[in-house]
Structures are given as C-alpha cells and as structure tokens.
Amino acid sequence: MTGTRTMIPAPSVADFLRDFETMSAFGATPAGGVERQAASSADIEQRRWFAGLLEANGFRVEYDRIGNQFGLFDVAPGEPYVVVGSHMDSQPTAGRFDGAYGVLSAAHAAFRVAAEHASGTSTLRYNLAVVNWFNEEGSRFAPSMMGSSVYTGVMPLEKALAIQDHTGVTVEEAMRPTGFLGDGDGPTAAYSAEIHIEQGRILENSQITIGLVTASWAASKYRVVVRGEQAHSGATVMEDRHDALYGASLLVVFARELADRFPGVLHTAVGQLDVYPNSPVVVASETTLLLDLRCADEIVLAEANALLDARFSEIESIARVTIERALSHNWGVNPYQTAGVELARSSAEAAGYSHAEIMTVAGHDSINMKEVVPTVMLFVPSVEGISHNEGEYTRDEDLIAGAAVLTDVVRRLGAGELDGENG
Ligand code: GLV
Ligand code: MN
Ligand code: MN
C-alpha cells in the first residue's frame, strides 16, 4: 500500500465542513444533537461511512480486537505510527462535537500530511494511523475510554468484551455481528495526538483559540450498590424501613456538598441511578449509583475520598442499609509530555492563533495514550462550556483553526521532530 495516496489531493476547509455536516447526521436528534452510543445502529452506520472516507483517501482500514477503527497510511514498513484521533460514539442526547470533531480533524490532518508526503513537499519518517476509539463515553458499556484502555493495556481485552449493558448484552455480543472486531492489537504507536472541544469555559472567557493541554484532572469513579429491604411504601411503619433509595439520595446530596467544600477544584455528580423494583407503592430494596469525583489536586481528592468513606458509614446507619462500593475507574493528575506541549505551542504560534496552557477536566483517550507514548492534546473553545448536551457548539473558525494546528502537529510528529526528546 506504500505510496497509494499519490493521486489524491488533500481535502480543503470546505471538504472538512461538509464532512462534519455529513457525520453529524448519524444519529442526529431534532434539537441539533446526536444520539450515537457505542455499538448502536447510528454508531455502526457512522463507522461504515468513516471507513469509506478513509479508503477514498488512500488509507487502509483495520480493526483491533476491541473494535477500535484505524485508517492506516504506510510510508515506512516496519516503523511505528503516529496515532491521531478521538471517538465517534456519544452520550445519550448529546452534542455533535464531542469526539467526532477530533476524529474528523485527525482524518483530514492525516490526509493532508499523506498528500504532502506523496507529492514530496514534506517527508514522513513514521506511518500514520487515524483512530476512532471504541466506546470512549462508556454510557451503554461502562467504564469510559474502553477502546484506548484495551489498546494501552490498562484494561484486559477479555474483561472489556464481557462488560454488559443494562439488559445483559455484552460488548462482544453487541460488536461481533457488526464485523468491527478484528483479530490484531492495532498499529504500534510512536506518538499520538488528539484534538477535542474544551467542554468548559476557560478558552472562551479568555478569548483563546487553542488550548495546549498540560495535564489531566484526577478522577475517582465509584459503582455503589445500596441494599435495603423491599416494603410497602404506604403501610410499613417508618421505623421498620430499610430504604435503599433514601440511602442513595443521601449519597447524591453528599456528593454535591462535597464539591461545595472545595470550590473550583472538585467536581462531583451521580450520573446514573438504578432503582429496584422502581415501582409506585414499593420501598426500594436496591439502588445502584455511578458516582464521579474529578479533582485538580490529588491531595484534595484523597481528602474528598476519605470524607466520602466516612459518609458511607453514616448513611448505612441513618438509612439502615448496607453499602457496597467499588472504584470502577480512576486516574491521576498526570502530565502530558512537555516536549509535545512545546511542539504544539510553536505550531499554534506559527499559524498565528492565540494559545494558552490548560488542564483537561474531562477524560479523553489521550489520557491513556500519554502513558505509553509522547502525546499531544489540543482543545478548541466550547461556546458557554456546554457539553454532553444537544446545545454543544463550537464555531466553524475555531474548528478550522484547531484542525490546522493539529495538521502541523501530525506533520511534525510524523517527521520525527520529537525523536530524542524525553519529556
Ligand atoms: C469521559 O469522557 C470521562 O470524562 O470520563
Ligand atoms: Mn469526548
Ligand atoms: Mn463525552
């Protein structure tokens, strides 16, 4: 496949915006968002479309064993790849930019760099891999960042494939019939890059176009099961109750109070709550919650976790329930490699875009990737910081600016500009 890209011209800004419109139609909701949870029919149809786009631009499409989708452009047989991408799955009734923008920018960046290589205007030392990571959102199959976790060895493949949705369907059962489970481990990475909307208000408030991500906020995500005893919600005297929903509610409220104790550095929420039997005249016997703590400071997070631990015991005695909790997903305040931040800074500078360092509060696949290879993460502004909401929006000019900076980053990583840098 080496050099097959020769005759295909690099796509233009108009091509990018047109492709973004096309991709936003997969799972489009009437309010302008998307509903494209991992392995849903919208996700599957979009993956097929994306495979076609990659092939039409001279890239060969491959899948690894967890269903990460790769578009490969080989220039140097045996050499590793610059892996650039994000995810195309979404939360329920979500925005059309989260993840999808990063995948399309990655594809267009790689198409351009491949075309430059083919025409001799720049030289690649590494092969290129565009990636659409499987199930970044973790909404149907928790936890999040699943495809990149398997790729980087953070999560065993068998464990990921066996994870079940609400109805007991496993990842493997949902993905096998789609034809998107391959039989390899995917391309070997030398470097990686990802661009994403900020999902916060820092860039917009400071009128900065490009965020140079220096580190991630830490996260502790818990799966909590509160167990009580089923009872008649009218007839059972109050002292006899072991109300699992009451216990869960105390926890929901405490999560908010905890964040209020550490303003600006701690974000918390219960995003998912399942109640059994969830019936009108029944005191719940069991509730399951997904509780999420994010923190800019690992010491504060440890303190918050200790306070939460103490509160679990208090709630057990107040609501007369038992609480079982497991840390289902966690990561630290971990830096992106400084050399990559500097490379991105100089690309933004050369293109004439304002830029500033920023931390990522949300999780991204690059949080996994940066643990195995030097990784560059870029942000563009999100209007009003709205995200995981159909109203999510980023202006065209910011989309284009980000894609241009990402293209230069891919060009430079591909040329081996960071070789020999160690940090
Ligand atoms: C994923 O998007 C996360 O923030 O956990
Ligand atoms: Mn995302
Ligand atoms: Mn998201």
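The model described here is a predicted one. Around ligand 1 lie Glu136, Ser144, Lys221, Arg294, Trp331, Ala362 and Gly363. By residue class, this shell consists of three charged, two polar and two nonpolar residues.

In the side chain of Ser144, an N or O atom is 3.2 Å from an oxygen atom of ligand 1. For the side chain of Arg294, the corresponding distance from an N or O atom to an oxygen atom of the ligand is 2.9 Å. Gly363 contributes through its backbone, where an N or O atom lies 2.6 Å from an oxygen atom of ligand 1. Ligand 1 taken alone exposes 200 Å², and the protein buries 89% of that area.

Strand S5 covers residues 189-197, and nine of its nine residues are buried, so the strand is largely enclosed by the rest of the structure. A residue counts as buried when its relative accessible area is under 20%. Strand S5 pairs with strand S3 (residues 81-87) in the parallel sense, over four bridges. Within this pairing, Tyr81 has Ala189 of S5 as its bridge partner. S5 also pairs with strand S14 (residues 375-380), again in the parallel sense, over six bridges. Here the bridge partner of Glu194 is Met377 in S14. In a regular strand, side chains alternate between the two faces of the sheet.

Strand S14 also contains Thr375. With a relative accessibility of 1%, Thr375 counts as buried, because the cut-off for that class is under 20%. A polar atom of the Thr375 side chain lies 3.3 Å from the backbone nitrogen of Lys370.

Glu384 is in the loop between S14 and helix H12 (396-414). The phi angle of Glu384 is near 60 degrees, which is a positive value in a residue other than glycine. Glu384 is exposed, because its relative accessible area of 53% is over the 50% cut-off. His388 is likewise found in the loop between S14 and H12. Its phi is near 50 degrees, also a positive value in a residue other than glycine. At 42% relative accessibility, His388 counts as partly exposed, a class that lies between the buried and exposed cut-offs.

Pro143 is located in the loop between strand S4 (127-133) and helix H4 (146-151). Pro277 is placed in the loop between strand S9 (266-276) and strand S10 (282-283).

A further loop, between helix H1 (13-24) and helix H2 (41-56), contains Gly32. Gly32 has a relative accessibility of 29% and therefore counts as partly exposed. In sequence, Gly32 and Arg96 are 64 residues apart, while in space their C-alpha atoms are 7.8 Å apart.

Technical notes: Residues numbered from 1 in each chain as written. Chains lettered and ligands numbered in written order. Predicted model: local features only at pLDDT ≥ 70, side-chain atom pairs only at ≥ 80, totals over all residues. Heavy atoms only, no water. Near = heavy atom within 4 Å. Polar contact = N/O pair within 3.5 Å; in protein donor to acceptor, adjacent residues only side chain to side chain. Areas by Shrake-Rupley, 256 points an atom, 1.4 Å probe, with all protein chains shown as cover. Nonpolar A, V, L, I, M, F, W, Y, C, P; charged D, E, K, R; others polar. Buried < 20%, exposed > 50% of the residue type's maximum accessible area, 1.4 Å probe, protein only. Helix = DSSP H or I, 4+ residues; strand = E, 2+ residues; numbered from the N terminus. Pairing = 2+ DSSP bridges.
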